[in-house]
Structure formats: C-alpha cells, structure tokens
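Hi there,

Here is the structure I promised to pass on to you. Have a look at it first, and then read my notes below.

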Amino acid sequence: MIVLRDVSKTITEPDGSTRALFDRLDFDLREDDRSVAITGRSGSGKSTLLRILAGLDTDFGGTYEHNGHVLERTPRRMAAHRLRHIGIVTQDHSLLSDRSVLDNVRLGVPARADSADRACEALDAVGISHLAGKRPRRLSGGEAQRVAIARAIAKRPTVVLADEPTGALDETTEDDVLALFDRLQQAGTKFVIVTHSERVAQRCGRRLQLQHEQLIARDY
Amino acid sequence: MELLNDLRSNWAIIVAKIVLLVLLALCWYNVASFTQSTSQAVAQGLSADADVDLYTVIDDLAPDAFEAIRRDQAALDGVASFVDRIDDDPGFDFISSYDQPVTVQDFRGDDRFDVGYGTEYTLKGKYQDESGRTVQDIKSIQLNETAYEFAGLSVQDGKPIEWDGVDWGSGRIPVLLGNEYRGVYELGERLTGAVILQEQELEVVGFLEPDSALYFRSEANHYLDDTVLVPYPPTLAGLDRAALDRLDPELFGRLVFQVLNADLAVDRSLDLGGVVARLDEIGDDTGFRSYTLLGVPTYLVQLSLVRQLIQDNLVLVTALLVVLTAGVGIITAFLHRLLHNRRAPVARVHHLLGRSPDATNRLFRASRLTEYTAALGLFLATSALLPNDSATARLGASTVLLLWCVVDDAVSRRAVRVELTTQRRRGTPR
Amino acid sequence: MTKQQITAIAGLLLLAMLLTVLIGVFDARRRVIAAEGNDLRTGQSAWVTATLDDLERARSAFEPGTKVFVELEDGVRAVAILSGQWTDVPLHDGHALTGRPGEALVGAAVDVRDEDITVGGKTYNVVGRLGVRGDSLLSDDVVLADPSRFSASPQRLLLDGPSSARHYSAAFPGRSVEIIDDGTNRRTNVDAVSPILVALGSLVVVLIAVVAGLQAGRWELRTAAVRFTTGIRPLTTLRSAAIRVGVISIAASTTALAGAAVVRQTTILDLDVTTAVVAVGTVVLAVSVTSLWQGSRRWNS
C-alpha cells in the first residue's frame, strides 16, 4: 500500500551540527497489515518518520510509493495524497478552540455537501456524539483525543497515522482509546502508531523499532 | 466559514490594524494635499520665473511740471508711448499695479472690504457722496496683464479677463473679485463704482482662487480675497481718446501717471547700467525722460525668505510623515506577529488534514481582503470629511494604502508558508 | 512577563513616547515658522482702538499667549503680554521676553552694542535674536517690552492671541474689531493640515499605548494565572504585575521628558510635552491593569 524506499534524512541540531536520522531506511504498510507500531528511543526520529508518511515532510532522499505508484514529493502533491488517504492523530489533539467539536471534526472532511453527516457519523463511531456542540476547552484529555480520532476517520481514510495517541492519558482511558482503535481496524482502517509505550505496541499486529537509522522488526 | 471564525477570534487585532492603516493613509493624504498646495503657492509668484531684479519706476516731476504735462495732450501721448514701449520691450516685465480704492454705490459687502479695514488707517464705512448717494470706499487693485501674470493669479469661477477687450472709454470694465466676495456678488452682476475718480460699470466676470496673493509695495504677501481687481487697458497710446475724454477730459492723464508708477522686473543678467541705458533709449524715442529708477533689493530677499518658510513647512511636514510611517510600520509589524501567532494553529491543522500550503494560505485571504477593503473604504469616507479636499491627494494616498496592503499580504502569506514548512521540535535538546 | 516580553512592551512604549516628543517638536517648530511668516502674529489677530490700560484691566477675558503690539516707527514696535507667556517666538539665539520692561528682541540685521540697543533715547537689553535663521523676514525688526510706549489715550493697537477678536468683542461689546490674516502660511493650506497631522499622530500614539497595555496585561495574566494556582492571592499577583508595568511606563516617560529637555536646550524651541507623556504612560498602565483585572475574574469561575 504505502512503501518508503531508501529513505535518508539528515537534520541540523540546535548547536549547528548535522546528524543522520535515517540511512536508506525502508518501510512498507502491507495490505494484510491492520496495525503497525513504530517504537524507538526519544530523538530516534519516530515522529519525523510519521510526518514523512503523512507527506508533511518532503525533505528527504528516497521514494514514496502508494499502491505501486511513486508519488511526486512536492507539498501540493503530498497534501492531495494526505487529503484522500490519510488521517492523522497527534499527541496534543490539535483541536481549534475557536469552534465547536462538530466543526472541528468537519475540518477533517474535504468540502462536501454531506460533511456534517460524515462528522456526526465519526463522532458516533467514537462514542461522543453528545459532545458535538461543546468547545474543546471544556473537554477532558480523553474526550479531546476521541474528537481528534473522529476528525481523522471522518473522511474514511485508508490509513490513520497516530503519533503517541495515548501519551497524555491515564491507563483506563488509554485502554478505551486502544479498544476504539481495535474496532476501527476491524472496520478496515489501518493504523500506524508511533509510541514509546510497550502496552500500546503489543496491541499492534506488527512492531518495528527505529534503531541506528534503520527500522528493525521486533518480536515479543 | 474560516472568514467568520477568523473575524470572531481576531477582530480586536484586525480592527486595530485597520484603524492604524486609515490613520496613516489620512496622514499621507494630508501631506499630499499640502505638497500640492505648496506647488500651487510657488507657482503663484514664487517660482523661478519670479527670480528677477525688481526696480520701481516713478515720475520725478515737480508739482507744476506735473500739472503742465497733464494739460498737454502731446506730452501725455509721450508718457503713454513711454509706458507702452517699456511694456512691449522683451527684456522687461512692466508690472503696473496700484491700490486706488474704488467708491462703490450701494455696496452690499460688510466692513471687511472697506479700504481702511485691517490697515493702520481708520475704517470709514458707508457715507453719503456729494450727490447724496450712499457709497463706500472699498479695497481695489488696478493692474495690467503683466502684473496679473507675474503674480501667477488665476480664476476659480467665471472666466479670466480678456485683456485686449478692456475699454475704459466704453463705461464698462470687466473685473475680478477676491474669493471672499462669493455670496456678496454673483457672476455677471454689475457694480457702479468710481475708479480713479471716474464712474464706471464694473461687471463681475470671475472670482479669484482663495488666498490669491501678490507682491505689492514691499509686502510679500498681499492677499486679494477682499479686493476688486480692475484691469488697466492693454495699451495707453492706442486708447480711444475721444471716448475717454467724453467721460472725463482729465481721466487719461490720471490713468497714464497711475500706470507709469510701476515695478520693472528685469532678468538678472542685465545690470542696472543696462536697464538705465534701455530706458533712456525709450525715453529719447518717446520724448518722456522725467522718470527715476529705484532698485528694490529687498524684493529678491523677501521672495527667497517667503519661499524658504514655505519650504521649511514642507520639510517639517514630510519629516513628521516619515516618522509616523515608521512608527505605524513598527506597531503594525507587532500586530501582524500577534495575528499570525493566533492564525498559525489554524493553518497547521488545515495543513495537517490535507490542505496544500497554497490552499492553506488562501484560508485567510477573505479576512485580509475584508481588512484592506474596510481600511480603504474608511479612508475614502473620512478624507471626504476633511476641510482640505483634493482628488489628487486622495488618489496618491489610496495608491500608497494599496501598496501597503500588497506588502502586508505578501508578508502574511510568507509567514504562513514558513510556519507550515517548519517542524516544531518537542522535548528537550539531546 | 519574560525578559523578551518586557523588552517588547518597553520598545512599544518608547516608540509611543518618541512619537509624542517628535509630534511636539513638529508642532512647536511649525508654530515658530508660522510666527515668522505672520510677522510675529500667532493666533487670531485684529486691529482694535483702545488703551493698554483698558486691555490690561480686561486681561482675564483673554487666553494665555494673548499680546498687544503698537507700531512706533518703521520696523519698531512695543509689545505688552496680556495673559500667560509669549512662547511662539521665532528665535535663533537667546530667549523670549520674560515680561520684564526694558527687554528687547531684535533681528539679525539690527545693530546691537554690548547686548543693548537704544530706541528713542532709551536703552533696552537685547535678550533674543528674531528669526528662525539669521536671514529672515524679521531681520530688521525690533520688539520692545515697554508699557510706557503705549499711549494713555485710545490708539490703534494690534491684538494677537487665541480667539483674541472674539474675547475682545465679548469684553468690549460694540467696539470695532478688524480681523487680519495675511501671513505667509496663508499661501498654502499648512494651517489646515498641521492640526490634522498632530491629531492623527496623537491617535496613533494612543493606539500604540493601548496595544502595549493590552499585550502587557495579557502576558502578565499568563504568569499571574499560574501563580494563582500555586496559592498566591489574586490581588498580590495583580499588584506585582501592575508595578512591573508601572515601572516600564515611568522609565519610558522619564526618557521622553529627558529627550524633550535636550531638545529645549539645543533648539530654543519652547517644547512642553509633559502632559502628553504622562497621559501616554497612564493609558498604558490603566489599560494593562484593566485587562489584568478583567482576565483574573475568570479564575474563580
């Protein structure tokens, strides 16, 4: 489905020195994958890899393929790919405080006549329809995370990329969110989850670790 | 939808930006209008064309000789020819002007037009003449075409004097009124007034521009708003003497000597000796030599000092504009930063959800357009309320405002682009 | 507020103060240039027929800066100040008349011996040289501070000052007043444009002060909110925030006043921006305290 080949990236540290983040790294999200966990130490480049998968970062060496086609690595082309196929959940939710929960979720649906219906559907799927009219400021951490998930799935993407989705949650709420992920996976949505939590990683079908600028498969 | 959200969240900053922009545009407008008025002032008798040597020509006749010439028609013709020859000489500008009051019957104006108002002489007001008519001595300047042009005077309403058609013998003289006469007399109206002791019908053909002024009797700023401008005939020697004599046999004599006492503007390349030689030549040809030439050294000094003061004001006003523009630029940049910080999260979320950077930038285009349109509209409406109305200044200031908006737009779009391409680092540095 | 935020607020305040002083300089200089072009007349001018005694008895009717001239000889006049001080005098050296009889102002072309001149047998001490520059429309002028030069019987006097003709007509109803307006400034629309520019500039300054106050309040509120959660009483945090903003205001105001003093010393301009500077500082403080107080009301809700 999504294949990264020979991905290399160098970053500039705050002190001005450069460091290789990835060195001819390969990644593929297969058709039979339901969820893939990417783990690694802090600073190993997990979030950056997710941004590359999302098309938010186009500054790297290598190729990005989707369904066998190599995509042109321009911000515009990758945004179009992201709009059609990818949903994103960030650790800090990235909800906009100037509008309601429903309007936040509607942002995730490309402009269409039935965007409100899709948004409601998504809120329903994550179990928080009753919060549609509320402002993000008034939500708990778990509720806010659910809204972010609803926004990510509202357009029915092929893949949801989640960066530390339960990082700020307590264990009970984390379990709720992971159970939600399971349900969505059963419905056909694939997940790529960046996490430092072993609990979360163990719930995923495949586990990869970022180590020495490469992705290495992990067994438990 | 994003327009409403953006305006709702950021209205205070946007309103502050609009107000600052309007204030700055109004400053530009006022300075442009002042610059325009300065150019007009300089064109009116203060331009480089006015940089000449000025002399005064006066007759040096003793009273007896003066009376003798006045009674001698041939001698008067000689004086008239002398005057006409100087006026025709290409090297000289014969600037003849005099402030003989005009005695007007049933004058409609108030005391500010009285010859004594605002001077060291007392106000006379209305009085009865020998025939029992109610008359008033009002301010007037009689002048020739050269004097009119040298002063750079122009008509705001009506038409300029047709100098070739001025005929004192016909009993009707076209006159121009100063701007304060508006509402007192209308175009086409006639005043019956005595000019150089001769009753004439004075027909109002035009009103001068407001604050019209000329150099008169060592006074650099002699304003004409409360004055009646009476044109001299185009030539003296060629006048219809019979018509004039029918009105008053002594009129021609009075007119000739009044016209003779004039200023002579000479190009600075000709020195005093050269001027005297030329005048002597004309005197020899026409038979009139009883004149004296006085230098007016203060003319050029005063001219340059008046010009300097006007220039000083222009420099001062421009300096203030530069300072205010810089100040508004700085505070606008600050507000810009604030606005961007508030819009950035919205931009990032849209970009995250699949909007391209260009499309994300366009999210705020409606907001920006609303801001710029409001600023332009407010500026146009407010500038129309100011006392110094000027279409040119308005156009100039609007252009500056639009340019400012273009730059603001470009800076905003760049800021969003930079925001979207910068990855935010989380956690502590390694 | 962080150091960066304090610097930003102080920067905005200094900008507002700088504009205030520069607007003040503009206005003072403009008035002085106008005075030179208007033959030392600065307000509404009118010819009246009166005695100096009449006018001095009615001095309370006139606004500060009203004076009366009498022509003595060509280029020489005497002046008496009826109310306040005569400050808009174009000078390139010395200082304005203090009001003490025996002083004189003369143009650069007038002969002065040991800082004295003699007019009509009397000696006067020259305290200032007329004209924005040496070469000026006033270079041959002499102005004497000498009430004895005014006649005891009614004479033609030139009254000059803010709304002088109106005040004279109110104090002496029925007497003739001839308003005159024939200075160089009338050649352009500078008299219309200048007050508008000053007003616009002042509005810009006020807006900058309001923005600075609001932003200072907002930044302080963030820190104050955290302090509130640690148990510090709201009034205490508000007070310390207000003091911080107040200190910045005072520092900026002091800098502005010092700058104005330097301008006064170096340019012979009568520059007084104290009221404006204090007003700007007060606006910033008031706005920031109000915004702080408003924001803190939400803490308990």
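In chain A, confidence is lowest in strand E10 (residues 214-217), with a mean of 85, and highest in strand E8 (residues 190-194), at 94. That confidence is pLDDT, which the predictor gives to each residue on a scale from 0 to 100. The mean pLDDT of chain A is 88, and 99% of its residues reach 70 or more. Helices (H or I, at least four residues) and strands (E, at least two) are DSSP runs, numbered from the N terminus.

Two notes on how to read all this. This is a predicted model, in which local features need pLDDT of at least 70 and side-chain atom pairs count only at pLDDT 80 or more, while totals for chains, interfaces and linings use all residues. Residues are numbered from 1 along each chain as its sequence is written, and chains are lettered from A and ligands numbered from 1 in the order in which they are written.

Which chains touch? Two residues are in contact if their C-beta atoms, placed from the backbone, lie within 7 Å. No contact joins chain A and chain C; their closest C-alpha atoms are 13 Å apart.

Between chains B and C, 39 residues of chain C meet 41 residues of chain B. On the chain C side, helix H1 (3-37), strand E10 (177-180) and helix H4 (190-229) each give two or more residues, and H4(C) gives the most, with 12. That side divides into 21 nonpolar, 8 polar and 10 charged residues. Here Ala, Val, Leu, Ile, Met, Phe, Trp, Tyr, Cys and Pro count as nonpolar, Asp, Glu, Lys and Arg as charged, and the others, Gly among them, as polar.

Between chains A and B, 19 residues of chain B are in contact with 18 residues of chain A. H8(B) gives the most to the chain B side, with 6 residues. The residues on that side are 7 nonpolar, 7 polar and 5 charged.

Finally, chain B itself has 11 helices and 16 strands. Its C-alpha trace spans about 115 × 55 × 35 Å along its principal axes. Of its 430 residues, 42% count as buried (20 or more other C-beta atoms within 10 Å of the residue's own, with C-beta atoms placed from the backbone).

Enjoy exploring!

Technical notes
Buried ≥ 20, exposed ≤ 12 C-beta atoms within 10 Å, placed from the backbone.
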